[in-house]
Amino acid sequence: MGLNRKDLLGIRDLSVEEIRLILDTAEPMKEIIGREIKKVPTLRGKVVINLFYEPSTRTRTSFELAGKYMSADTINISTSTSSVVKGETLKDTAKTLEVMGADVVIIRHSATGAPNILSKYISASVINAGDGFHEHPTQALLDMYTIKEKIGGFEGLKVAIVGDVLHSRVARSNILGLTKMGADVRVIGPATLIPPEIEKLGVSPFTCIEDGLRDADVVMVLRMQLERQQKGLFPTIREYARLYGVTTDRLKLARPDALVMHPGPMNRGVEISPEVADGVQSVINEQVTNGVAVRMAILYLLTGGGNPHETIN
Ligand code: CP
């Protein structure tokens, strides 16, 4: 049984059962990437295209590797060297990729909703790799996989998300996913960086980091989007680091075995101290590895995959 849907556009659309299926399917995928020869024939003959209108290291590379490990033909399109710079529309670019035989198009775009629009234009599967301030569903799925792998489940788990929640598609997708799975989610940050009425998403807001971190099982640190500083939403980087940086002392307020997570890229010394980023509680590098496994699972399930234990070898 695959995912009974054409596209993966957001966590909001996914049922608890679909999230469980993706996380369960990622387990045998992770076994594959631990092998010396990381290659299975599962997606042989399929064409997977990465169409990124914004920079990326982790997401683009992990989708490329995920496709390659399953023998798909994986192509990267850098919009700065494509006909997009000549004014080609998203619709025409997508149609061009489709008539060349794309089975899956993975898109990152600065505009909220761009993947949803693309999905209506083409019959290929569309995966949202981050759209504006809206959603980054595959990041949330790899974060949930990492939590499940380390802790075992989500019910009643206290997850503290710290930082620029207002502009973070990672935060939004994680809030939607973790609350669906039964976690108790808190968001921490200056009032200017917490969306109004965030409680309606079922989370508790904290402007005092010490209060928000207390007894947390997971501390998820968000990238401080330094480009936002011009908007005057916080005084200075130094001030932000002093008031909201996750340091060794502050981490002691969380449970002693709390996981430290960060989607990357990190601003060391701003939202997270180097000691915390590289400390024993950090699972930041494991998140990156799990990103490949989870994206393999998503590609596999969207292209009609069956029981991975039977068909992957
Ligand atoms: N976490 C994340 O989306 O990283 P990249 O921007 O490097 O893809």
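A cavity is here a set of grid points where a 1.4 Å probe fits but cannot get out, and its volume is the space filled by probe spheres set on the points.

**View 1. The second largest cavity of the predicted model.** About 30 Å³ of space lies in this cavity, one of the 2 cavities of 30 Å³ or more that the structure holds. Its lining is made up of Val165, Arg172, Ile175, Pro195, Ile198 and Leu201. By class, these residues comprise 5 nonpolar and 1 charged, with no polar residue among them.

**View 2. The largest cavity and the helices around it.** This cavity, with a volume of about 70 Å³, is lined by Arg58, Ser62, Gln139, Leu142, His262, Pro263, Ile284, Gln287, Val288, Gly291 and Arg295. Two or more lining residues come from each of helix 2 (58–69), helix 5 (137–151) and helix 11 (284–302), and helix 11 gives the largest share, 5 residues. The lining divides into 4 nonpolar, 5 polar and 2 charged residues.

**View 3. The largest pocket and the residues nearest its centre.** The volume of the largest pocket is about 510 Å³, and 24 residues line this pocket, with Arg108, Arg169, Arg223, Gly264 and Pro265 lying nearest its centre. Sorted by class, the pocket lining has 6 nonpolar, 11 polar and 7 charged residues.

**View 4. Helices that contribute to the lining of the largest pocket.** At least two residues of this lining are supplied by helix 2, and at least two by helix 6 (169–180). Helix 2 also gives two or more residues to the lining of the largest cavity.

Note on methods: Residues are numbered from 1 along each chain as its sequence is written. This is a predicted model: local features need pLDDT of at least 70, side-chain atom pairs count only at pLDDT 80 or more; totals for chains, interfaces and linings use all residues. Side-chain values use heavy atoms; hydrogens and water are left out. On a 1 Å grid over the protein atoms alone, a cavity is a set of points where a 1.4 Å probe fits but cannot get out, and a pocket is an open set with protein on both sides within 12 Å along at least five of seven lines; lining residues have an atom within 4 Å of a point. Helices (H or I, at least four residues) and strands (E, at least two) are DSSP runs, numbered from the N terminus. Ala, Val, Leu, Ile, Met, Phe, Trp, Tyr, Cys and Pro count as nonpolar, Asp, Glu, Lys and Arg as charged, and the others, Gly among them, as polar.
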